[in-house]
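Please work through the following exercises with the sequence and the model at hand. Each task is followed by a solution in steps.

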Amino acid sequence: MSKKKLWIIIGSSIAALVIVAVALILVFTLGSKGKTEDGFLDSARSIKVVEIEGSATLEDEDESIPCFKGMNLYSGDKVTVNQKSVLVVRFDEDKYVYLGENTKINIKSEGKDRYKTNIFVEEGIVLAEVQNKLHEDEEFFLSSNNSVMAVRGTVFGLNVIRGENEIIETYSVYKGVTELVVFDKKDGKIIKGAVKK
């Protein structure tokens, strides 16, 4: 065997070992994110960016990075959709959340035996489409500082506009039934009801 062939074999073996080592490091460091100590998922089974037009950023515990199609998201992540941009996030395989421009949300998703997902809307417009009726052990919410919209299977939205001295919230139901709870901080009242389309 020539020295050239021997160096090619040694070089490709070293490259393969480096790739395997990097893959193992990624599996052990990133694979545990979103899991509890006993290895169970602590959030929705899957949260993923499925469409992006324009730009958006993700802030988690450690850093701020640009969002991209196919990106996995986790409970505790904060997403900001920039001006003239739209982002679509899929929860599991049948829940889609559409985020309009200038929107800021926080994702809270937890569960081992029960799955509870809350998309907290700080600002902007969010439309949620739940394609299948939720299972008995699932809860799915859109919330803000003043309200909570809970759903069993529908299309609904929340728009939060922040002014200098006030916050204006608009609630929409396009299909199905949504349970709405609004907290009137000024009068200290709680308004509850079902909203149907």
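The model is predicted, so local features require pLDDT of at least 70 and side-chain atom pairs count only at pLDDT 80 or more, while totals for chains, interfaces and linings use all residues. Residues are numbered from 1 along each chain as its sequence is written, and side-chain values use heavy atoms, with hydrogens and water left out.

**Exercise 1. Overall content**

Task: State how many helices and strands the protein chain has, and what percentage of its residues is buried.

Solution. Step 1: Helices (H or I, at least four residues) and strands (E, at least two) are DSSP runs, numbered from the N terminus. The protein chain has one helix and 14 strands.
Step 1: Buried means under 20% relative accessible area, exposed over 50%, and partly exposed in between (1.4 Å probe, protein chains only). Of the 197 residues in the protein chain, 34% are buried.

**Exercise 2. The partners of strand 9**

Task: Determine which strands pair with strand 9, and in which sense.

Solution. Step 1: Two strands pair if DSSP finds at least two bridges between them.
Step 1: Strand 8 pairs with strand 9 in the parallel sense over six bridges; here Phe120 has Ser143 of strand 9 as its bridge partner.
Step 2: Strand 10 pairs with strand 9 in the antiparallel sense over four bridges, and Phe141 stands opposite Ala150 in strand 10. Strands 9 and 10 form a hairpin, with three residues between them.
Step 3: Five of the six residues of strand 9 are buried.

**Exercise 3. Onward from strand 10**

Task: Follow the antiparallel pairing from strand 10 to strand 13 and then to strand 14.

Solution. Step 1: Strand 10 (residues 147–151) and strand 13 (residues 177–184) are antiparallel, with five bridges. Met149 has Leu180 of strand 13 as its bridge partner.
Step 1: Strand 13 is joined to strand 14 (residues 189–196) by eight bridges, and the two run antiparallel. Phe183 has Ile190 of strand 14 as its bridge partner.

**Exercise 4. The aromatic pair**

Task: Classify the geometry of the pair formed by Phe91 and Phe140, and state whether these residues are buried or exposed.

Solution. Step 1: Rings of Phe, Tyr and Trp (its six-membered ring) pair if their centres lie within 6.5 Å; planes under 30 degrees apart count as stacked, over 60 as edge-to-face and the rest as tilted.
Step 1: The structure holds one aromatic pair. The ring centres of Phe91 and Phe140 are 5.7 Å apart and the planes are at 80°, so the pair is edge-to-face.
Step 2: Phe91 lies in strand 5 (residues 86–91) and Phe140 in strand 9, so the pair ties together parts that are 49 residues apart in sequence.
Step 3: Phe91 is buried because its relative accessibility is 1%, and Phe140 is buried with a relative accessible area of 2%.

**Exercise 5. The largest cavity**

Task: Give the volume of the largest cavity and describe its lining by class.

Solution. Step 1: On a 1 Å grid over the protein atoms alone, a cavity is a set of points where a 1.4 Å probe fits but cannot get out; lining residues have an atom within 4 Å of a point. Grid points are joined across faces, edges and corners, and a volume is the space filled by probe spheres set on the points.
Step 1: The largest cavity has a volume of about 50 Å³.
Step 2: Its lining residues include Leu134, Glu138, Glu139 and Phe140. Strand 9 gives the most to this lining, with three residues.
Step 3: Ala, Val, Leu, Ile, Met, Phe, Trp, Tyr, Cys and Pro count as nonpolar, Asp, Glu, Lys and Arg as charged, and the others, Gly among them, as polar. The lining has three nonpolar, one polar and four charged residues.

Definitions and conventions
On a 1 Å grid over the protein atoms alone, a cavity is a set of points where a 1.4 Å probe fits but cannot get out, and a pocket is an open set with protein on both sides within 12 Å along at least five of seven lines; lining residues have an atom within 4 Å of a point.
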